[in-house]
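Below is a briefing on one protein model, grouped by topic. The structure comes first, then the points.

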Amino acid sequence: MPLPKQVTLVEVSPRDGLQNESIFIPTDVKIQFIEQLAQSGLKHIELTSLVSPQWIPQLADQVEVIQKTKTFPDVDYSVLVPNEHGYAQAQKLKVKHIAVFTAASDTFCQKNINRTLAQSLIDYEKIVKDAKAKKILVRGYISCVLGCPYEGKIAPEAVLDVAQQLLAMGCDELSIGDTIGVGTVHGVRILCELLLKHIPIDKLAVHFHDTYGQALANIYAALQLGIHIVDASVAGLGGCPYAKGASGNVATEDVLYMLNGLGIETGVSMEKLLAADRFICQHLNRPSRSKVANALF
Ligand code: MG
């Protein structure tokens, strides 16, 4: 399988990134950051999560962010919807693209979203079916696909089972996440090869964390199988508070550097991405976790 000619980078820093940073970023700064990301050429940005502010105070300004961010017609903006309440809010706010979040591990589901895996799928079925009837796009996240902090190794068949249930509900795209970053190329290949036997390639995205420095290698392994939707987070913002020792999401700049080197098109400007990195890191008062940003600044 030749490498894809084009890759869509899904920028998760405003949600998956900032929700795991200790500092609350003021709303106007957040909005400016998101607008910078859009201007860099990214085509899909996850804006925020309609989660209870009690759970994630970093995203307490979710409604304002959705209402006030200047959107560009060629950029797709999605919002994470953790439950029925969040979905009702999303409808009021006229959100056109939602994301739901579950895991391939039952224990992780219970600790992270307070429901069993089976219950999460029952709850999401109502949401996803209703959303599809209203022509709202739905992205489904499956976390812990290559390992769980509580259950250890996760069988690829367990991931496939959740993936097929989410697709049967009507999810337009699935993002499979190595939430604790334990996966290596070998595991990525086995998992993606199995999934691609059952799932159209245009519906599958990969979401890797760099805990053990494996994220770029894992992304490359996915590209070799033709996968062409990759989640990433500017400056490596985020991580996972429930996954012990989990460091951040793979940095978008680092993924872009690799894709540029491979001659794969993304439409994203490195210069503008680095400007967004510098901007948000100044406000977080910490250095970037992007190796490219650190090499160039
Ligand atoms: Mg992540």
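H207 counts as buried because its relative accessibility is 7%, where buried means under 20% relative accessible area, exposed over 50% and partly exposed in between (1.4 Å probe, protein chains only). H209 counts as buried because its value is 2%. Both histidines coordinate the magnesium ion through NE2. This is a predicted model, in which local features need pLDDT of at least 70 and side-chain atom pairs count only at pLDDT 80 or more, while totals for chains, interfaces and linings use all residues. Residues are numbered from 1 along each chain as its sequence is written, and side-chain values use heavy atoms, with hydrogens and water left out.

**Metal site**

- The magnesium ion is coordinated by D16 (OD), H207 (NE2), H209 (NE2) and N249 (OD1), at 2.1 to 2.2 Å.
- Donors are N, O and S atoms within 2.8 Å of the metal (3.2 Å for Na, K and Ca), and sites may look incomplete because water is not among the atoms.
- Along the chain, the donors are spaced as D-x190-H-x1-H-x39-N.

**Barrel**

- Eight strands close into a barrel with parallel pairing, in the order β1-β2-β3-β4-β5-β6-β7-β8.
- From one strand to the next, the twist averages 25°; axes are lines fitted to C-alpha atoms, for helices over the stretch in contact, and angles run from 0 to 180 degrees between N-to-C directions.
- Helices (H or I, at least four residues) and strands (E, at least two) are DSSP runs, numbered from the N terminus, and two strands pair if DSSP finds at least two bridges between them.
- Strand β1 (residues 8-11) pairs with strand β2 (residues 44-49) in the parallel sense over two bridges, and V10 stands opposite H44 in β2.
- Helix α2 (residues 27-39) packs on the sheet and touches β1, β2 and β3 (76-80), its direction making about 165° with that of β2; contact means heavy atoms within 4.5 Å.

- Six of the seven residues of strand β5 (residues 137-143) are buried, which leaves the strand mostly covered.
- Seven bridges join β5 to strand β4 (residues 97-103) in the parallel sense, with Y141 of β5 as the bridge partner of F101.
- Helix α5 (residues 106-113) lies across β4 and β5 and runs at about 120° to β4.
- The buried residues of α5 are F108, C109, N112 and I113.
- They lie on the same side of α5 because they cover an arc of only 100° around the axis, the arc being that of the directions from the helix axis to the C-beta atoms.
- The cover over the buried residues of α5 includes β4, α6 (117-133) and β5.

- Six of the six residues of β6 are buried, so the strand is largely enclosed by the rest of the structure.
- On one side of β6 the buried residues are E173, S175 and G177, and on the other they are L174, I176 and D178.
- β5 and strand β6 (residues 173-178) pair in the parallel sense over four bridges; in β6, L174 is the bridge partner of G140 and I176 that of I142.
- β5, helix α7 (residues 156-169) and β6 make a right-handed β-α-β unit; right-handed means that, with the strands pointing away from the viewer, the path from the first strand over the helix to the second runs clockwise.
- Five bridges join β6 to strand β7 (residues 204-208), and the two run parallel.
- A205 in β7 is the bridge partner of S175.
- From β6 the chain crosses through helix α8 (residues 185-198) to β7 in a right-handed β-α-β crossover.
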